[in-house]
Amino acid sequence: MSDDPTRDLASPAVAATRGTIETREITIDGQLLQVAIRHGDGSGPPLLLFNGIGANWELAKPFLEALTSTTAIIFDVPGVGGSPRPAWPYRPSTLARLAADLVAELGYAEVDVAGVSWGGGIAQQFAHQFPKRCRRLVLAATAPGFTMVPASPSVLWKMATPRRYTDKGYMKQIAADIYGGAFRHDPSLIGRHAGAMHGARSMGYFYQLLAMAGWTSLPWLWSLPQPTLILMGSDDPLVPPINGQIMASLIPKAELRMIDDGHMFMVTRPKETAALIEAFLAGESREAAPASLLSRTSGRLRDLIPTSGGGREKS
């Protein structure tokens, strides 16, 4: 593994491949993964992106294409898209370790990490479990696990199965109700999004639901050392924006930004979202200040308490 965290995957032919998206099949710890790599200019650590529940990597393509300089890595979690179902169910810690091994296989010692919706939980787990490998953290339309402020029962019921991924007509019927924002006003967005969906399988979706059962980040959010950008949609029926406010009040170096859209703002407003994230990763975002007395206190505690142990990496 390379010791240079900024080494680009396409080096030395960075200029020839910048902006292109390459797909690979890579086996990590016996698990075959469908991996997509958006090649950047190699000027910083790559962005490791965790997708939403049931989502194949192609659903993130509008965001990947809107990036200007960042190398990004995304993979279909086992049981979704092009990654076959694992033999056994898994926990967020399992996926975090799998992702860390993938990053190492690709030659990186350090990454920035982003997570969308369900993937935001895995991103939080990665930042907690591998603090020395995660430089900056981006949490989009996500929450701190089962302790979140939930969506309405009608929205949760529509999310209980992967039917929206296998029945495009059903997706068009419910998209505005579960995603809100631009999906309420532009039916063409629903069609394009539905057209990019494939590969969701019932057992893989169940494994994703099971992985997050009982998981929460609330007990340790105060200990995250990474500068963190939290992005929430102002009209998000699935993950109410108050969840972002809760996380921002607990993470010591968190900055909360509201986007005037729904749950899928990374798809419906990819250029704006990519610009916000790349500015944050480059350190151009405004200096994050703790949002409350609680977060200031937790920051002091984090400085006093060792961060090794509890399943986290020690090196």
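**Ground rules.** I worked with a predicted model in which local features need pLDDT of at least 70 and side-chain atom pairs count only at pLDDT 80 or more, while totals for chains, interfaces and linings use all residues. I numbered residues from 1 along each chain as its sequence is written, and the side-chain values use heavy atoms, with hydrogens and water left out.

**Strand β3.** I began with β3, residues 47–50, taking helices (H or I, at least four residues) and strands (E, at least two) as DSSP runs numbered from the N terminus. Leu47 and Leu49 point one way from β3, Leu48 and Phe50 point the other way, and all are buried, that is, under 20% relative accessible area with a 1.4 Å probe and protein chains only. I then looked up the partners of β3, where two strands pair if DSSP finds at least two bridges between them. Strand β4 (residues 72–75) runs parallel to β3 and is joined to it by three bridges, with isoleucine 74 as the bridge partner of leucine 49. Between β3 and β4 the chain passes through helix α2 (residues 61–66) in a right-handed β-α-β crossover, meaning that, with the strands pointing away from the viewer, the path from the first strand over the helix to the second runs clockwise. Strand β5 (residues 111–116) also pairs with β3 in the parallel sense, over four bridges, and glycine 115 in β5 stands opposite phenylalanine 50.

**Cavities.** I next searched for cavities, each a set of points on a 1 Å grid over the protein atoms alone where a 1.4 Å probe fits but cannot get out, with lining residues having an atom within 4 Å of a point. I found two cavities of 30 Å³ or more, a volume being the space filled by probe spheres set on grid points joined across faces, edges and corners. The largest has a volume of about 260 Å³ and is lined by 23 residues, of which Asn51, Gly52, Ala55, Val116 and Met264 lie nearest its centre. Helix α11 (265–268) is among the elements that supply at least two residues of this lining, and its three residues are the largest share. The second largest cavity holds about 40 Å³ of space, and its lining residues include Asn51, Gly52, Phe75 and Gln208.

**Glutamine 125.** Is glutamine 125 buried or exposed? I noted that glutamine 125 lies in helix α4 (residues 118–129) and counts as buried because its relative accessibility is 10%. Setting aside residues up to four places away in sequence, glutamine 125 touches Pro92, Ser93, Ala96, Trp215 and Trp220, a contact being heavy atoms within 4.5 Å.

Terms used
Buried means under 20% relative accessible area, exposed over 50%, partly exposed in between (1.4 Å probe, protein chains only). On a 1 Å grid over the protein atoms alone, a cavity is a set of points where a 1.4 Å probe fits but cannot get out, and a pocket is an open set with protein on both sides within 12 Å along at least five of seven lines; lining residues have an atom within 4 Å of a point.
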